[in-house]
Amino acid sequence: MDDMGKQTFHGSAGSAPALAAEDGAADASIDNAMQPIGVVLEIAGSGSQIALDLQRLNECMTDGDPSIALAGQVGSQVKIRVGNSWLLASVRNQKQDRRAGGGIVANIDFLGEGNEEKLTGRIHGFRRGVTRYPVPGALIYPATTADLRQIYASDGRSNIQIGTVYPTKDIRAGVYIDAMLGKHFALLGSTGTGKSTSAALILHRICDAAPDGHILMIDPHGEYSAAFRNTGLILDVSNLQMPYWLMNFEEHCEVLLSSSGNDLQTDQDVLAKCLLRARGKNRLAETMGKITVDSPIPYLLSDLTNEIQNEMGKLDKATNTAPYMRIKTKLDELKADPRYQFMFSGMLVGDTMADFLAKIFRMPSAGKPIAIIDVSGVPSDITSTVVAVLSRLVFDFAIWGREERTRPILLVCEEAHRYVPNEKNADGSSVGKILSRIAKEGRKYGISLGLITQRPSDLAEGVLSQCGTIISMRLNNERDQAFVKAAMPEGARGFLDSIPALRNRECIICGEGVAIPMRVSFDNLEEQKRPASEDPSFVDLWRQSGGEEERVHRIVQRWRSQGK
């Protein structure tokens with residue numbers, strides 16, 4: 001800062017609001033709050049440059065108020081007086097001023113503004129955005145815990161409290177449920193940062209706030225069953241009973257066809273013709289008149305096999321018998337393999353569509369607002385198809401229910417990068433298409449999407465940008481950090497620089513669900529509500545001995561019987 005700037009700054013320090021230090025009555029905290037710590041150098045639209053006084057920063061560091069103690073540091077909040085109001089800003093970075101006199105130059109991002117209480121000088125009536133900018137030379141003050149309490153206070157909308165605002169010890173961090181769910185949300189964080197526990201915490205809080213909610217969670221590792229045993233319906237391959245005929249034509253192709261190139265087109269033509277005829281044999285089809293190959297109408301697997309057999313026997317068929325044999329062989333495999341029984345069982349041919357939807361969407365919720373669908377036992381070659389069917393059912397249900405004003409549904413997808421990969425990893429699967437469509441159009445129909453992933457850079461780019469609220473825990477990978485920064489709103493950039501430095505179970509929340517971006521320490525979750533995602537202790541487990549042979553025999557037994 002130049003000599004003139006320093007003179008202005010120190011000359012004005014004594015005229016800071018109502019300095020009570022003169023009569024010796026004020027304590028250090030009040031003194032520090034009322035003494036400026038810097039001056040505005042340059043103003044730009046979203047952010048500006050300020051100069052900070054190193055001596056004042058050192059004085060603030062010893063303050064009893066943790067917010068004042070961090071004043072001027074990267075990620076902290078400062079305030080600037082503009083007329084009768086206070087402007088709140090976040091410090092993005094710091095560097096030493098090389099000009100005469102030294103000091104520190106920092107960039108700030110404006111967060112919002114509030115009115116000034118005449119008696120105390122505190123902020124009240126805080127709102128996002130800036131209507132009036134300060135002028136260069138305006139003084140900068142530390143934001144106190146009392147200020148932050150006003151800023152982070154709820155504006156009356158229904159919210160869930162998930163933790164404590166950093167650096168304070170007692171200001172609760174609230175997230176507005178309607179704003180968070182109405183425009184989708186993403187929870188990001190590297191493995192080991194406490195992501196699963198934090199996801200469970202958020203979902204528990206939503207369930208507590210809306211005990212008649214409708215939440216569907218896809219759980220690829222079977223972690224969340226333990227967390228929602230009492231409050232949710234747990235479905236896995238043993239009790240899911242998902243009818244195969246709910247699949248549309250594209251999903252049928254994924255499961256039944258494995259050819260490529262010209263062969264794939266031929267196989268698709270054969271399957272389309274035979275599948276439509278098999279669906280047409282149902283009495284439902286007769287009452288409905290015209291049906292398509294996508295219509296969710298029950299059909300017998302044996303009918304589909306017979307249709308393929310009949311077509312294969314025709315003399316005027318357009319191709320040789322190879323496509324028919326490929327599809328028939330695959331169908332026979334699915335029927336015979338016990339791993340596929342949860343979906344391809346002869347018992348699932350009844351018209352159970354309404355019951356199945358009511359069960360997985362929790363309508364009525366019957367005191368269990370969340371359904372956890374554990375797909376860890378689903379054979380890996382059809383896992384993405386099962387997720388595609390469940391996601392598409394949510395979307396189609398919402399579209400066909402527009403007239404009814406159906407209840408909104410929250411679809412939470414763990415390991416989202418597996419299902420909605422970026423262009424480099426895309427395989428054209430139906431699950432990527434439907435989840436991308438839900439991200440883009442779902443909110444019009446009352447569908448909320450919650451994505452949880454440890455590799456945001458592997459996610460489809462458009463999907464993350466559709467998430468209105470981003471909850472980012474520590475990300476160790478530089479590519480992931482850059483990707484998340486690009487998706488975040490402008491005012492949160494200063495917070496984002498601290499993403500690599502977050503501790504476990506700490507996060508940055510920004511977007512629609514919060515008044516302004518904030519750094520939050522998550523609450524502790526009760527033991528019985530935590531997911532089964534604890535890392536095993538190698539040393540403890542390796543110290544134990546005895547019973548290994550019997551254990552190996554039991555594992556082999558389960559392995560051979562495929563969990564039956």
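Predicted model: local features only at pLDDT ≥ 70, side-chain atom pairs only at ≥ 80, totals over all residues.
Okay, let's start with the helix pair: from helix 14 (380-400), Ser-384, Val-387, Ala-388, Ser-391, Arg-392, Phe-395 and Ile-399 meet Ser-430, Val-431, Ile-434, Leu-435, Arg-437, Ile-438 and Glu-441 of helix 16. The residues of that contact split into eight nonpolar, three polar and three charged. Nonpolar here is Ala, Val, Leu, Ile, Met, Phe, Trp, Tyr, Cys and Pro, charged is Asp, Glu, Lys and Arg, and the others, Gly among them, are polar. Contact means heavy atoms within 4.5 Å.

Residues are numbered from 1 along each chain as its sequence is written, and side-chain values use heavy atoms, with hydrogens and water left out.

Back to the pair. Two packed helices are described by the angle between their axes and the distance between the axes. The axes of helix 14 and helix 16 (430-441) come within 8 Å and cross at roughly 35°, with axes being lines fitted to C-alpha atoms over the stretch in contact, and angles running from 0 to 180 degrees between N-to-C directions. The crossing of helix 14 and helix 16 is left-handed, that is, the near helix is turned anticlockwise from the far one by less than a right angle.

Helices and strands, by the way, are DSSP runs numbered from the N terminus: H or I with at least four residues for helices, E with at least two for strands. The chain has 21 helices and 18 strands, and 50% of its 564 residues count as buried. Buried is under 20% relative accessible area, exposed is over 50%, and partly exposed is in between, using a 1.4 Å probe and protein chains only.

Now helix 13, residues 353-360: which residues are buried there? Those are Phe-356, Leu-357 and Ile-360. They sit on the same side of helix 13 because they cover an arc of only 95° around the axis, the arc being that of the directions from the helix axis to the C-beta atoms. The face turned away from that buried side carries exposed Ala-354 and Asp-355. As for partners, the buried residues of helix 13 pack against strands 11 (215-219), 12 (232-235) and 13 (370-374), plus helix 14.

In general, most residues other than glycine have a negative phi, and most peptide bonds are trans. Arg-362, in the loop between helix 13 and strand 13, has a positive phi of about 60°, and Arg-362 is buried at 7% relative accessibility. In that loop we also find Pro-364, and the Met-363 to Pro-364 peptide bond is cis, with omega near 0°. Elsewhere, a cis bond joins Tyr-166 and Pro-167, omega about 5°, and Pro-167 is in the loop between strands 8 (159-165) and 9 (172-176).

Last stop: Asn-422, in the loop between helix 15 (416-419) and helix 16. Buried or exposed? Asn-422 is buried, at 14% relative accessible area. Its side chain reaches the backbone oxygen of Ser-457 at 2.9 Å. Leaving aside neighbours within four places in sequence, Asn-422 contacts Ser-457, Asp-458, Leu-459 and Ala-460.

How values were computed:
Polar contact = N/O pair within 3.5 Å; in protein donor to acceptor, adjacent residues only side chain to side chain.
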